[in-house]
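Q: I have this one open on my screen. Can you walk me through the pocket first, then the helices?

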Amino acid sequence: MSGDMTEHDEHGHGALAVDEHGHGHVAPSGDPFADPGLPEHRPRLTDIDEKAAKRSERIVASLFMLSAIATIGFMVCYTQVPNNRQTLVNFWPLGAVSASNFALGVCLGVALFALGAGAIYWARTLMTDVELPQERHEYESSNEDKAAAIVEFQQGVEDSDWKKRPLIRRTLIGAMAVLPLPALWILRDLGPLPGTTQRQTAWAPGMLIINDNTVSLDGTKGQGIKPADITIGTLVNARPAAALSAGEELNNVLSMSSILLVRMNEADIKSQQEIDWGYHGIVAFSKICTHVGCPVALYEQQTHHMLCPCHQSTFDLSEDGKVIFGPAARSLPQLPITVNADGYLVAKSGFDQPVGPSFWERG
Ligand code: FES
């Protein structure tokens, strides 16, 4: 049988328990989580020295002004710093980064940091620092507590010297007022309305069809396709010759003008128009799914079905690219083709309808 002897420590905070082996440990007594109370309040330098308070006021105002300047700098950089692949800055440790992104990031970062730093410095040096303990209570405050909170808030506003220090008040309002402007500023990039440009692709009569597999890494060179290059059942990804000189517009051109060429027995093609728009069984269809624009790419040569991997829309390439399954609402547009004097496949015209998502049907 074991037993503990206990004795209170010299401060009366707990009890020293001694077990039968003579080992002691502190045993809590009373409330072990007793409120230690607030430390003694000490006035800050700015509480007792008006010069120090003025200095703090100037620092806060400077930070708010810095924030406003950085916000304006953001807008200036947005329009003045070129946003292209040639204008770079070296930023350790990231290396070469876009000068535009760098400038915008720095300006916005400084604007937000200076605003936050000014608010914190204001609170720490000039606003009242009287600590008020708040007891735990039910989640919903009583009406009395709510009324008291409003009074405390108003007192806080009073204590923050909001009214007494117009310099801080005005610079803060100025910094806050310009902060949302970048959001409006960048709306200008929505640019002019697209008009009918989204309805047209790069395809035009006589445009050479380039085999994607022959395009150089920089996208500026590629070879045309002769009908003999496409055997029955083969699928060829292709682009217009205009894509080779598209430069920075390359992705835009490809997103509108990529096509697929397949060859099938003419006897398998169910539509006379499709036969007429093809060349000896070679037919060209837009590669852009008419659901929401994924590239269709999975061709089943026995059935001539083309599957979109995104949401499984399935198009029948032997019947005008019509939808036979899935959420797409429109057939894949067919590009009329022929051969040129050199025997290469070319477009006979552009598409007769917009390519891509079915929202075109709505307007
Ligand atoms: S994008 Fe092709 S099925 Fe949805």
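A: First the term: on a 1 Å grid over the protein atoms alone, a pocket is an open set of points where a 1.4 Å probe fits, with protein on both sides within 12 Å along at least five of seven lines, and lining residues have an atom within 4 Å of a point. The model is predicted, so local features need pLDDT of at least 70 and side-chain atom pairs pLDDT 80 or more, while totals for chains, interfaces and linings use all residues. Residues are numbered from 1 along each chain as its sequence is written, and side-chain values use heavy atoms, without hydrogens and water.

Q: Which residues line the largest pocket?

A: N83, N84, R85, Q86, G247, E248, L250 and N251.

Q: How much space lies in the largest pocket?

A: About 190 Å³, counted as the space filled by probe spheres set on the grid points.

Q: Now helices. At what angle do α2 and α3 pack?

A: Helix α2 (residues 50–80) and helix α3 (residues 99–125) pack at about 165°, with axes 8 Å apart. That makes α2 roughly antiparallel to α3 (over 145 degrees).

Q: What classes of residue make up that contact?

A: The contact of α2 with α3 has 21 nonpolar, 6 polar and no charged residues. Ala, Val, Leu, Ile, Met, Phe, Trp, Tyr, Cys and Pro count as nonpolar, Asp, Glu, Lys and Arg as charged, and the others, Gly among them, as polar.

Q: Where does G109 lie?

A: G109 lies in helix α3. G109 is partly exposed, at 36% relative accessible area (buried is under 20%, exposed over 50%, partly exposed in between, with a 1.4 Å probe and protein chains only).

Definitions and conventions
Axes fitted to C-alpha atoms, helices over the stretch in contact; angles between N-to-C directions. Helix = DSSP H or I, 4+ residues; strand = E, 2+ residues; numbered from the N terminus. Parallel < 35°, antiparallel > 145°, perpendicular 65-115°, else oblique.
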